[in-house]
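Here is a short briefing to read alongside the sequence and the model. Please have both open as you go through the points.

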Amino acid sequence: MLTLLLGCLATVVPAPLELTAAENEAAAQLSPPPALRDDPTNRVADDDAAARFGQRLYFDTALSSTGEVACATCHDPELGFADGIELAEGVGTAGKHSPTVLDSARNRWFFWDGRADTAWTQATGPWESPVEHDSSRLEIAHHLAADVVLRPEYEAIFGALPPMEDSTRFPARGRPIPDDLDHPDQVAWASMTADDQDAVTEVFVNAAKAVAAYERKLVTGPSRFDDHVAGVTTLHDDELLGLRIFLANHCVLCHAGPELSDREFHNLLLPVPAWVADPDDYGRYAGIVKLQANPLSGGGAWSDAPDDAATRISQLALTEEQVGQFKTPTLRNVGRTAPYMHAGHFAELEDVVAFYSALDEQGGVGHREEFLAPLDLDEDEQAALVAFLRSLDGTLPDAEWLTAP
Ligand code: HEC
Ligand code: HEC
């Protein structure tokens, strides 16, 4: 009996998987986690007081019309700085899935369509979005001026606030809405002098720059995969098989380098889920149009180093290929941030891998990236690829940054 069993084991236990030298070299291109690049467009990007102040704003539900929505509502530290649901829920329902804020400070473009080129440009968006915070720059400036904790912290970093208590100069609520001149928020905004408008926009932008400084604290450290590359640990056989599949196929062309993203945009022609309101989302194409029109971009008057950013933005040419493209997300921390894709198309990593394996369903606009071919993986191979993806979760930032201060 015993010999029978041993005989059996000898045939089923495979030799440990060994990657080739070429595979190891290719894996090393994806590690370690990259250092943060400087952000010259934000003079407080690396200021610790600004990061702490930004952390307060990040968790502050008072910066919403209902008093219930903060950045942390949709980018919850308990949920991998995402929200675990398909479409984000703030004051209303957003048209997109919440990506993680972890490691977003490493991004080149922000949002699924890249319509923001800096972290602070991004942060100005949700505060004034009617479906997210539904607030306005005037309300934010009023809140900072009236709050006994926020006011001195703001003024220590950025200097004196405008005299917000003067209600003849500073209405309670308002923001520029150039394409809806009858909107009450626009009417209130238009009643102000240009100098007062600028003073309020400056407060608004400064608040966003502080949040961006906080986001620079939310970068993750080495994952088990990075530790494997560094020789500190060894991935299990199924993870190694997954890594082999990842390297041998097109995954690594788009999820490239230590960021596990080429920092570009592609059209996967994903099947459109029933909950998507706009199946003809133009993605990157529309994102470029919005970026070039946004006065709060890194290339605009509110930037601390507009020149390079303005050149980068003006050089973006619109092409037909961009229709239906979305940003290649990093795969770091992907085990923490289900569901997946720009509208939460897939509930689990297993579903993502099954999609890439078959590639049979199509939806949306534009045409699928030409080199995307079905991987035709069997069940064990799909499970191995998922196991590899799960080895990419990095170590979390220090606990002091993970809750409201
Ligand atoms: C109602 C939920 C909601 C709220 C509130 C919210 N976000 Fe988001 N966030 C989203 C969604 C959805 C996206 C993607 C939108 C898109 O791409 O069009 C996003 C995108 C982002 C991104 C871009 C990440 C990337 O990789 O491109 C960052 C960073 C971010 N949010 C930070 C913030 C900050 C900071 C706040 C508070 C000022 C905030 N969010 C408030 C839902 C929300
Ligand atoms: C042509 C470029 C390209 C290739 C090749 C590619 N991806 Fe992607 N990947 C993307 C883009 C773009 C998205 C986001 C798509 C969207 O939401 O519309 C994405 C999304 C993902 C996501 C979801 C991440 C998240 O946070 O939502 C995972 C996981 C993923 N890819 C894994 C893989 C794997 C594994 C392979 C190889 C089988 C692969 N990708 C091949 C470009 C690519």
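Which polar side-chain atom lies 2.8 Å from a nitrogen atom of ligand 2? That atom belongs to Tyr 356. The model is predicted, so local features need pLDDT of at least 70 and side-chain atom pairs count only at pLDDT 80 or more, while totals for chains, interfaces and linings use all residues. Residues are numbered from 1 along each chain as its sequence is written, chains are lettered from A and ligands numbered from 1 in the order in which they are written, and side-chain values use heavy atoms, with hydrogens and water left out.

**The iron atoms**

- The iron atom of ligand 2 has His 255 (NE2) and Tyr 356 (OH) as its protein donors, lying 2.0 to 2.1 Å from it. Donors here are N, O and S atoms within 2.8 Å of the metal (3.2 Å for Na, K and Ca), and water is not among the atoms, so sites may look incomplete.
- His 255 sits in the loop between H12 and strand E1 (265–266) and Tyr 356 in helix H15, so this pair ties together parts that are 101 residues apart in sequence. Helices (H or I, at least four residues) and strands (E, at least two) are DSSP runs, numbered from the N terminus.
- The arrangement around the iron atom of ligand 2 is octahedral because its six donor atoms subtend angles of 89 to 179 degrees. Six donors count as octahedral if opposite donors are over 155 degrees apart and all others between 65 and 115.
- His 255 and Tyr 356 are both buried (under 20% relative accessible area, with a 1.4 Å probe and protein chains only).
- His 75 is found in the loop between helix H4 (71–74) and helix H5 (119–128).

- A backbone N or O atom of Met 341 lies 2.8 Å from an oxygen atom of ligand 2.

**Aromatic pairs**

- The count comes to 13 aromatic pairs, where rings of Phe, Tyr and Trp (its six-membered ring) pair if their centres lie within 6.5 Å.
- Tyr 214 and Trp 401 have ring centres 6.1 Å apart and planes at 45 degrees, so the pair is tilted; planes under 30 degrees apart count as stacked, over 60 as edge-to-face and the rest as tilted.
- Tyr 214 in helix H9 (residues 194–215) and Trp 401 in the segment after helix H16 (379–390) are 187 residues apart, and both are buried.
- Phe 246 and Phe 388 also form a tilted pair, at 5.1 Å centre to centre and 50 degrees between the planes. Phe 246 is in helix H11 (residues 237–248) and Phe 388 in helix H16, 142 residues apart.
- One aromatic cluster is formed by Tyr 58, Phe 59, Phe 81, Tyr 214 and Trp 401.

Note on methods: A polar contact is a pair of N or O atoms within 3.5 Å; within protein, one must be able to donate a hydrogen and the other to accept it, and residues adjacent in sequence count only if both atoms are side-chain atoms. Four donors count as tetrahedral if all angles lie between 85 and 135 degrees; four count as square planar and six as octahedral if opposite donors are over 155 degrees apart and all others between 65 and 115; anything else is irregular. Buried means under 20% relative accessible area, exposed over 50%, partly exposed in between (1.4 Å probe, protein chains only).
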